[in-house]
Amino acid sequence: MKKNSFYFVMLLAGITLLAATKPSVKSPYGFTKGNPEIKSISALSFGKDGILFIGDSKGASVFALETKDAKTGNASAIAIEKIDEKIASALGTTKENINITDMAVNPVSKKLYISVQFTDGTPAILKVDNEKIEAVSLKEVNFSSIALNDVYAEDAKDARGRPMRVSTISDLGFDNGKVLVSGLSNKEFSSTFRSIPFPFTDKQDQASLEMYHASHGRYETTSPIRTFTTGKINGKDYLIASYTCTPLVLYPLDELKSGMHVKGRTVAEMGSGNTPIDMTTITKNGETYLIMGNTAKPVSEVNYKNIAAFEGTLTERVAGTAGTVFVQVPTLTKVLQMDKLDNTRVVIMQKKDNGSIDLMTANNDTL
Amino acid sequence: MQSGLSKWLNLLFFVLVLTACNNHASEIRIIWAGEQARGITIPEKEVTGISKDSIHIRLLSDSSSSNILGDFKNKDGLVFEPVIPFTRGMTYGVYSGDKKISSITIPFADENDAPKVITVYPLQDTLPENLLKMYIQFSKPMKEGLSAENVLLIKNNKDTLRDVFLNLQPELWNEDRTVLTIWLDPGRIKRDLQPNLKLGNPLQKNEKYELIISQNWRNVHGQKLKKDHSKTFIVSSRDSLSPITEQWKIHPPKNSNKELLTVELNEPLDHFLLMECLSIRNSKGLPVKGKFEITDNDMRFHFTPTDLWARGNYSIRILSKLEDLAGNNLNKVFDRDTKTSKQPGTKEYYEKGFTIQ
């Protein structure tokens, strides 16, 4: 009896403690302080002021996290061999038990952030600072989140009341005050693309996209976007997207609004049997280049000037490659992750022939 | 932002920690949250006289291991919570500087809890040549990223087929990681795409296939499946037509009690889409509460209302995204020929009426 009373008192103490730690602090971005309930991390991308956007596929949400890492830093080259083993060791396990799901460079501090998923699904975010691996706390932090709109039928739930639909977030970006999210559902083989104003409100736009796959002569293709970036071409803002089998497609950003069905303009076919992993841009001799990391092909680069000059769209079936001219960097194959370090360099996570997963920095001389 | 459930789980965790700490045991103890080893408690006597700042935890089996990232707290001893749970079967050392003070091994999960495959959808043993996807349902949450090496397709008992399934990262798991969706490579199914021209359709008509799910697939705690799982099937013709709801046969309830509504489909449809694309509406178009059950290898469904049926007109509303096994939905076929196929439908849903006398 005495013991029971003890537990009861402790239970009350627990409730009081929880009540006391309820999110309360407001911030200009609409953040509250607390523990974000992040179920998985599929994609990372930075906004302004060190705000990290986290794409949570399992939770069908996007989180915005204040990293407090907003002090301007120097972009020093990153080179770490066997990064997967080092991360596993810092997490108290071995490399077989973790998946590296994405990485992003904080454009302000130039620190590299890497998301990892443990074998039981527990997600973690790590920060790489001069070869030192640190944990990014997901407890008692300033954050906000938005659930991705999805239409469920009345009875689209299993016996335990959970929706049966599964979506994954394939890429995430931030442009001009909006979080951009590309995704894939487990049910229909098609793309969803969302544009969500930040700070988060109730508003989000979801457009359906269609492109002409020029390695596919006659039949319609609605495939999921694998990776994207945004850029100005001939003075107009575009979503620049790529898909498995590597077509490069432009969509005018101002047309990507709810309920719109937007047909993209295919400006290049960059080879079948390949999945593009990440896209970014660098500057070389005063010109902007699109840099794309791939699973099966080497890193490809396309001069924006050539994209701008290619005014048509590929509509005839092609074998191999076609459209805008691009070049490949033969040494940079099997890219697992890639992000921009600064205007002239990208950080690449690459699987070497000996199986080692290494982080390296490529500058515009090699690219 | 915290959900009610998670608050209570936190509270439960808090109570469990207290319970553990109240035990006055003299050894390092594991703090469990469900099946996760979420932390350890190092008894005060183990660290008496040692600067707390010098204490850290390392993985013992790894000679080059670094200090594990996590948080220390003082709670009836020194509590360490790593960023991710401790790994089953691994041994961890408690160090003061470079000196090992103590160690603890996280036990393997109970062998009796080994996972197994419950079923593979589609349930049929004859499948169309342009089958688009399969679902594997497991008894326990599984480790992600292992499907490529553990799902094999064997043709006519001899050839192991390569590049049949789409290698998606991340894989399409449901939230608790018990159902995986796998796609047969759409690039090989859609006629005229490069992969289709180079490698051909993944499945061929009149051939026999065996899908093998390897025992080596591990669950989230590192346990292998109890045994291999196998599903054999024969391949029939290509299905190039959208499901035709006009051909569904409705058996309406005979009177206004809680009798079953039964609908026979004209072909097997996607199991999980069926679960989410159907609703029953009353004469005002409002949803009728009740429960759906899918039977007869996804060729039939039943609906039992929560309340009694009323006399009058009802309808079955079917969202147009409902697909057959080849990914053809009510509005359009998966592999649409832009020159010869009819224009895709644009309806959000289709309806079929029935009357309760």
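Predicted model: local features only at pLDDT ≥ 70, side-chain atom pairs only at ≥ 80, totals over all residues.

Trainee: Why is B:Leu225 called buried?

Mentor: Buried means under 20% relative accessible area. B:Leu225 has 2% relative accessibility, so the residue counts as buried. Its place is in the loop between β15 and β16 of chain B.

Trainee: Which residues does B:Leu225 touch, leaving aside those up to four places away in sequence?

Mentor: Among them are B:Pro115, B:Val117, B:Phe138, B:Met142 and B:Trp217. Contact means heavy atoms within 4.5 Å. B:Phe138 lies 87 residues from B:Leu225 along the chain, and their C-alpha atoms are separated by 9.3 Å.

Trainee: What makes β15 and β16 of chain B a pair?

Mentor: Two strands pair if DSSP finds at least two bridges between them. Six bridges join β15(B), residues 208-213, to β16(B), residues 229-236, and the strands run antiparallel. Opposite B:Glu210 stands B:Thr232 in β16(B).

Trainee: Why are β9 and β12 of chain B called edge strands?

Mentor: They belong to an open sheet of five strands in the order β9-β16-β15-β11-β12, with mixed pairing. Each of β9(B) and β12(B) pairs on one side only.

Trainee: What makes strand β19 of chain A largely enclosed by the rest of the structure?

Mentor: Seven of its nine residues are buried, so the strand is largely enclosed.

Trainee: What do β19(A) and β20(A) form, and how many residues lie between them?

Mentor: They form a hairpin with two residues between them. Eight bridges join these antiparallel strands, and A:Lys284 has A:Glu287 as its bridge partner. In the turn, A:Asn285 has a positive phi of about 50 degrees.

Notes: Residues numbered from 1 in each chain as written. Chains lettered and ligands numbered in written order. Heavy atoms only, no water. Buried < 20%, exposed > 50% of the residue type's maximum accessible area, 1.4 Å probe, protein only. Helix = DSSP H or I, 4+ residues; strand = E, 2+ residues; numbered from the N terminus.
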